[in-house]
Amino acid sequence: MIRHVKRLGVVLILLIPGIASRAPGQPAKKNLTVEIITHPDRIVPTGPQHVSWRPHTDQLSFVENEQGREGTPSAIWLYDAQTRSKQILLSAEKADSRLDLSSYQWSPAGDRLLIEGEGNLWLFDVKAKHLRRLTQLSEARAPAFSPSGDRIAFTRKNDIYVLEIATGKIRRLTSGGSATVLNGMLDWVYKEELAYRATSQAYVWSPDGKEIAYLRLDDGPVPRYPLTNFLHTHATLFDQRFPQPGDLNPVASLHIVRVANGHETAAYKLQAGEEYVAPVFLWTPDSKAVCFLTLNREQTQEAVHFWNPVTGADARPVVEKDPHWINNVEPPQFVEQGRQFLWLSERDGWIHLYLYNRDGRLLKKLTQGDWMIDHPVFEDVPSFQTDEKGGWVYFESTKPDPRGRQIFRVRLDGSGFQRLSKQAGTHDLSLSPDGRFFADHFSSITIPPEWRLMKSDGSFVTTIDRPENHLAEYALGRTDFISVKANDGRTLYARLVKPPDFDPHKKYPVIVYVYGGPHFQMIRNQWGTTSWLDQLFAEHGFLVWSLDNRGSWGRGHAFETVVFKNLGKHELQDQLSGVSYLKSLPYVDPNRMGIWGWSYGGYMTLYTLTHAPDVFKCGIAGAPVTDWHFYDSIYTERYMRTPQENPSGYDESSPVNAAGNLKAKLLLIHGVADDNVHMQNTINFIQALIQAKIPYQLYLQPGQKHGFEGDVSILYRNMRIFDFFMHNL
């Protein structure tokens, strides 16, 4: 138990626009409602999505609604950095209604767009403005142009096919794909826990277009997990392959297939001590070797492989080791025609960039310091982007404040390190093909997302897109960024949302919103850090508090690995430091405090309510892990090892085992179709509550998975969360 926390003043106070008192003659501010926050894009439009540079040009494409239209993105746009003009490439009104415009990808020449729709592939000629359907197969997934752009590979029923664009001829390259054997596709656990990209694709063309390297996953040894669909007259059962801690994992192997005839030419089988193949890999520029990463089961050792399928030679130029776990699973990037490569490593406690030559000799550590390079939010964009002609590497990092992200660059020889972005907040980088420009996706706690065009030296060119918002129409609460000292003196970052009409002489109830798990950071100087649900609570007289405890992202490996083998314990200690700080504030009512969270945040809610039962009056646990025996192997073993290796850690970290301590009023929420944190978690916690004769409330959402989707489901969820705290705090 924490006995004393030194109170600190507010480090940074930020005011969201719209809370100033109304001047005479101004219209009254609108009130937020559950219905309004379920459609936040009507207050702050979403803006451009799926942003991509057109190959060989200074033109930027993205998906966005046409002016005045709401809902699903309705057009693919093209912005020219030279002329600063914007045009619609393809509108949903002119395209087939079956197309998913957000799936578009450019051909290597930049003259065509490949678009998916209802399991088929479509090709749009940009110059001719002509759209045609390429396949009538259904179930065509994960397409990719060949390097020359004349063919398209795709998967169907877990096998790989190639389509010749000119003739329409389709050739099947692999066989044996099934519900349990996946050729070129990721299974659930690989995609969820090892893929840093959003795609399920697990194959890559060789640069000469003659071969495809692909990952094969055999899920046969993986235990089946039953999922039931109750929304039919006759309930249906679906078997998911889901390895839990200590179970057999998918058997991974890497294969090479010749595109001309579909012959498999080589295969790499995992060696002793190797358990996983990182699902993103690449060929060397000369098409002679495949570069991929392997990890052991504990994820404490990672090897970079240069595997020659012809000779069978397997060079391992870099081997990383860590006593806790390894975070980086991105492959190297080649420079100097493949003679050198860039590599991310956390070996000194912070993710930094290293330059190696091909044989594994370290040439230069390009970045260093107590800060880390972080991955952009863009899909399929690596953590660093290279302008080899100009001799620069671009990246975003936690320097100088881990609550934001700033854009930097450094020369390939390690010189010229410089910060390119200037404004406090969060900047995401997308570099143009020729390195002359970059798109900066910027936001802060007070500024909604906008896209800016910058020159490569960081000088501002223009604002590409700044969606008009309606923030001024609402009286919104203020968000304070706060620093708190933990019981061991370590600084913890937090935020506090105050009501629009905050009065320091009143006493306010507090809602603590928590996540707390590894590889995630809540306290960010970024739009959305304060959610619309937070604002709704603030408008109704609540303070809303969040804190990043030990184990969270952005503060270095030592900050994260404190939780090793004992999830919950240290996170709770830090969260209680935050509670002590709150109780020291004269305007906080210590007897009216609630807590809630989703996923790991649901776990932290239950762990807190059962291990510090006298602190909170009520809580909501959404889709919670309730015992780490129930979650997947790759995630859980990374932090906890197996139950056989760490039985006490599993026992002590389990809210199920401590359910009898619960005193607070509790609402449990779970999607019945959740294939991530299964409903088994909530059911077992309920069983423990029943055994202890402790009352609870339960809300199940039929048909929903881990993240609820659809207006009706999200609206109902928000209503239940809002009503629970209104009635219990």
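A salt bridge here is a side-chain nitrogen of Lys or Arg within 4 Å of a carboxyl oxygen of Asp or Glu. The structure holds 30 of these salt bridges.

This is a predicted model, in which local features need pLDDT of at least 70 and side-chain atom pairs count only at pLDDT 80 or more, while totals for chains, interfaces and linings use all residues. Residues are numbered from 1 along each chain as its sequence is written, and side-chain values use heavy atoms, with hydrogens and water left out.

**Exercise 1. Salt bridges**

Take the pairs K86 and E64, R172 and D159, and E450 and R466. Where does each partner lie, and is each one buried, partly exposed or exposed?

*Solution.* 

Step 1. Buried means under 20% relative accessible area, exposed means over 50%, and partly exposed is in between (1.4 Å probe, protein chains only). Strands (E, at least two residues) and helices (H or I, at least four) are DSSP runs, numbered from the N terminus.

Step 2. Start with K86 and E64. Their side chains meet at 3.5 Å, N to O. K86 lies in strand β5 (residues 85-91) and E64 in strand β3 (residues 59-64), so the bridge ties together parts 22 residues apart in sequence. K86 is partly exposed at 36%. E64 is buried at 11%.

Step 3. Go on to R172 and D159. The N to O distance is 2.6 Å. R172 is in strand β13 and D159 in strand β12 (residues 159-164), so this pair ties together parts 13 residues apart in sequence. R172 is partly exposed, at 45%. D159 is buried, at 0%.

Step 4. Finish with E450 and R466. They meet at 2.9 Å, N to O. E450 sits in strand β37 (residues 450-455), and R466 in the loop between β38 (460-465) and β39 (478-485); the two are 16 residues apart. E450 is buried at 4%, whereas R466 is exposed at 53%.

Step 5. Look for shared partners. Salt bridges join E64, K86 and D465 into one network.

**Exercise 2. An open sheet**

What is the strand order in the open sheet that contains β10, and which strands stand at its edges?

*Solution.* 

Step 1. Apply the pairing rule: two strands pair if DSSP finds at least two bridges between them.

Step 2. Read the order. The 4 strands run β10-β11-β12-β13, with antiparallel pairing.

Step 3. Find the edges. β10 (141-145) and β13 (170-172) each have a single partner strand, so one side of each is left without a neighbour in the sheet. The twist averages 25° from one strand to the next.

Step 4. Check one pairing. β10 and β11 (residues 151-156) are joined antiparallel over 3 bridges. A144 stands opposite A153 in β11.

**Exercise 3. A buried strand**

How many residues of strand β36 (residues 437-443) are buried, and which strands pair with β36?

*Solution.* 

Step 1. Count. 7 of the 7 residues of β36 are buried, so the strand is largely enclosed by the rest of the structure.

Step 2. Strand β35 (residues 426-431) joins β36 through 6 bridges, antiparallel. H427 stands opposite F442. The two strands form a hairpin with 5 residues between them, and G435 in the turn has a positive phi of about 75°.

Step 3. F437 has K455 as its bridge partner.

**Exercise 4. Aromatic pairs**

What geometry do the ring pairs Y600 and Y603, and W628 and Y631, adopt?

*Solution.* 

Step 1. State the rule. Rings of Phe, Tyr and Trp (its six-membered ring) pair if their centres lie within 6.5 Å; planes under 30 degrees apart count as stacked, over 60 as edge-to-face and the rest as tilted. The count comes to 41 aromatic pairs.

Step 2. Classify Y600 and Y603. Their centres are 5.3 Å apart and their planes at 70°, so the pair is edge-to-face. Y600 and Y603 are 3 residues apart in helix α6 (residues 600-611), separated by about one helical turn. Y600 is buried at 3%, and Y603 is buried at 0%.

Step 3. Classify W628 and Y631. This pair is edge-to-face, with 6.1 Å centre to centre and 80° between the planes. W628 is buried at 1%, and Y631 is buried at 6%.

Terms used:
Axes fitted to C-alpha atoms, helices over the stretch in contact; angles between N-to-C directions.
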